[in-house]
Amino acid sequence: MTKKVAVVTGSAGGLGRGIAERLLKDGFSVMIHDINKEALAETEKEIKAAGYEDVASFAGDVSKKEDQVALVAAAVQKFGQLNVFVNNAGIEAVTPFLKIDEKELERTFKINVFGTVYGTQAAAEQFIKQGTSGKIINACSIAGHEAYEVLGTYSATKHAVKAFTHVAAKELASKHITVNAYCPGVAKTKMWDRIDAEMVKADPSLKPGEPFAKFSGEIALGRYETPTDVANLVHFLASEDSDYITGQAILVDGGLVYK
Ligand SMILES: NC(=O)c1ccc[n+]([C@@H]2O[C@H](COP(=O)([O-])OP(=O)(O)OC[C@H]3O[C@@H](n4cnc5c(N)ncnc54)[C@H](O)[C@@H]3O)[C@@H](O)[C@H]2O)c1
């Protein structure tokens with residue numbers, strides 16, 4: 001039987017890498033992808049050294065539609081088809097509201113929102129061309145359900161990701177394409193290292209590590225999130241067990257936001 005094929009954007013590190021590794025373990029062929037070519041090549045090397053052969057990499061920028069189309073084409077050329085597309089790549093923005101500027105708005109919306117739309121379109125076009133069902137899985141956030149101080153732009157982009165998840169799910173359901181999102185809470189990746197540093201910069205009364213400790217200290221299950229916690233949900237959303245679920249933005253945050 002042909003192996004199912006998944007693409008995970010922004011998977012040179014952090015949550016994306018955890019997701020890619022889990023899908024490989026689940027038996028998918030996986031195209032990893034990132035804008036950071038060096039990190040991507042290193043990650044591919046490490047994953048192959050761990051014994052996974054059905055992995056390949058493709059460098060690109062999710063905010064460019066042509067890159068997303070080329071990513072899907074590369075996955076299909078390498079592995080023969082596409083079954084799951086994970087719009088994982090995203091960036092943070094940490095700025096007090098009165099200081100948010102055009103540059104930040106453009107950059108964050110282009111990567112988090114435009115990127116998710118272009119990835120969804122490219123994947124859906126491929127599923128329709130194949131005449132098969134397909135699964136699109138988007139990175140949302142607790143910030144797609146709540147809006148946080150100094151994370152205004154980021155929260156707005158993740159609310160937009162949630163809205164596009166709902167609309168794409170409604171419009172693509174007749175083609176047997178499901179669209180869902182995972183909403184992590186506080187995971188200790190490079191993204192949170194940068195958020196912590198920026199929050200300290202914005203409020204000099206804070207010491208390095210304090211913003212992360214404050215946010216993760218509120219988690220009901222008493223510990224911060226790991227890439228495995230997120231990958232466990234994405235594994236389910238990529239599997240046949242989630243076939244009857246679409247248009248959902250599911251929280252995976254250890255008990256932080258209750259929606
Ligand atoms: N870390 C958390 O606590 C957390 C919480 C909620 C949601 N998320 C979301 O999960 C996703 C992954 O977060 P993470 O913590 O692993 O982040 P990260 O910064 O650790 O990793 C993100 C990866 O995406 C890549 N990337 C950035 N811009 C790109 C672009 N334009 N095109 C292609 N690749 C690009 C980066 O090079 C990096 O390898 C993001 O969408 C983020 O918003 C993270």
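Colleague: Which helix gives the largest share of the lining of the second largest pocket?

Modeller: A pocket is an open set of points on a 1 Å grid over the protein atoms alone, where a 1.4 Å probe fits, with protein on both sides within 12 Å along at least five of seven lines; lining residues have an atom within 4 Å of a point. Helices (H or I, at least four residues) and strands (E, at least two) are DSSP runs, numbered from the N terminus. Here, helix 7 leads with three residues. Helix 7 spans 210-217, and helix 6 also gives two or more.

This is a predicted model: local features need pLDDT of at least 70, side-chain atom pairs count only at pLDDT 80 or more, and totals for chains, interfaces and linings use all residues. Residues are numbered from 1 along each chain as its sequence is written, and side-chain values use heavy atoms, without hydrogens and water.

Colleague: Which residues lie nearest the centre of the second largest pocket?

Modeller: Glu 149, Val 150, Met 199, Lys 214 and Phe 215, out of 15 lining residues. By class, the lining has 10 nonpolar, no polar and five charged residues. Ala, Val, Leu, Ile, Met, Phe, Trp, Tyr, Cys and Pro count as nonpolar, Asp, Glu, Lys and Arg as charged, and the others, Gly among them, as polar.

Colleague: What lines the largest pocket?

Modeller: It has 50 lining residues. Gly 90, Ile 91, Glu 92, Met 191 and Arg 194 lie nearest its centre. Helix 6 (190-202) is one of the elements that give two or more residues. Helix 6 gives the most, six residues. The classes are 25 nonpolar, 14 polar and 11 charged.
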